[in-house]
Amino acid sequence: MRKDIMTANRAVAEAVKLAKPQVVPVYPITPQTTISEYLAQFVADGDLDAEYIRVESEHSAMSATLGASQAGVRAFTATSSQGLLYMHEVVYAAAGMRAPIVMADANRAISSPLNIWNDQQDSIVERDAGWIQIYVESAQEAFDSIIMGYKIAENENVLLPLMVCLDGFILTHTVEPVEIPEESEVDEFLPPYAPDHAFLDPATPMSLGTLADPAYYTEARFDMNKALMDSASVIEEVGAEFGEKFGRKYGLIETYKCEDADIILVAMGSLCGTLRAMVDQFRENGDKVGMLRVRSYRPFPYEEINEVIGDAKLAVLDKNVLFGIGGSLYADIKAKCDTNEIYSFVLGLGGRDITPEYIEEVLEITKNPQDKEVYWIGLKGDA
Amino acid sequence: MVSIGCVIKDPGSTRNNKTGSWRTFKPILDKDKCVDCDNCILFCPEGCVDKEHDIDYDYCKGCGICKVECPVKAIEMIRE
């Protein structure tokens, strides 16, 4: 084991190197991240024995990644923002063809207006594709989630692609200490990919990406839904096994001081680091506040959330917006959980810093709400 | 239920889907007029015309290309 200071991009690339995908197709130009640059270096230096394909677009990047996966090998790609949107069509195909791809998405806003900064709208767009979506809080968790990601995605009860969502700039461009385990330890945890559900092999011919007429399509979608729901227990099992082996345990959600909380702040990704500090500050001032981090957004862990929230008021902070609805996390919790009072806070869009003052405003509104549920925080002018 | 990812592991099983039911017009060959040019065999997109110029109605979709390509107008399209 070694410990280095690195960005989350570098952490993802280091994890990919240890996960040993055999094919890495990436579109290497904007909005690509340095993940692809590090991987190119690893391949050029002989540190990663993979076919590195520089494709002509993200649509092709996901197509080539899907093709590689269906040829029976482990495959990886990375993207961000508009790149993910350009992949959109094949993102859905990858889930439908049950390809256990792992992809890193550096969360960034989408156009228009043109904006290259952080929010989570890009991956929220893909939430219904049938992928598992994991939102990480730190570079270390980004590293760990890639390693766990393949083990989850390739589980015979899952066989769905998995997206590791890491906040652009906040995680991808800042450095922090990251533990990198020994190659042999990762090899023990993550054996080579050996598919038998969908792969090209002349000895056992099969047709992939087939047509399913009305007599079959519903069943195919039902199976995907079941696999995604079943993946919840696999995420927990793999997270526990990872914890035993590497000392960091992961689940579907993470809670902080929720046991006696009157108000629970709910969010995803790096924002939760800020919220943890704010919870401590609020408690010093006598407000019983807790924090609930949704780590697995798909599958959506509504049962686990239900167990935590009790009668607490919920303030759900979303770095995305479903126009006319509020934040997506708010909408899902409202739809699937037994909530008492719940408020949606849309904030941090297009890279707007989420300051302690904003969180104080969130708390104030949750304590004394106006006659509505959805609030945009930090708006300038008369809104 | 379907297989995972809707893969098909039985080669050639597409023959199970008899596409002849899609047909609105049926090609009928008058073999007395036929000059054995084999255009219908070559142009049929479904490979439904055999060497004896017999048409496989289990799979012929009735596209009518054979009729168009027949130089002696030996094929007629009859409504099903």
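Which residues of strand β6 (residues 132-135) of chain A point one way, and which the other way? A:Ile132 and A:Ile134 point one way, A:Gln133 and A:Tyr135 the other way, and all are buried (20 or more other C-beta atoms within 10 Å of the residue's own, C-beta atoms being placed from the backbone). In a regular strand the side chains alternate between the two faces of the sheet.

This is a predicted model, in which local features need pLDDT of at least 70, side-chain atom pairs count only at pLDDT 80 or more, and totals for chains, interfaces and linings use all residues. Residues are numbered from 1 along each chain as its sequence is written, and chains are lettered from A and ligands numbered from 1 in the order in which they are written.

Strands (E, at least two residues) and helices (H or I, at least four) are DSSP runs, numbered from the N terminus. Two strands pair if DSSP finds at least two bridges between them.

| Strands | Bridges | Sense |
|---|---|---|
| β6(A) and β7(A) (residues 162-167) | four | parallel |
| β6(A) and β12(A) (residues 296-298) | two | antiparallel |
| β9(A) and β11(A) (residues 289-294) | four | antiparallel |

A:Gln133 has A:Met163 as its bridge partner in β7(A) and A:Arg298 in β12(A).

A mixed open sheet of six strands in chain A has the order β9-β11-β10-β13-β14-β15. At its edges stand β9 (253-256) and β15 (374-376) of chain A, each with a single partner strand, so one side of each lacks a neighbour in the sheet.

Methods
Buried ≥ 20, exposed ≤ 12 C-beta atoms within 10 Å, placed from the backbone.
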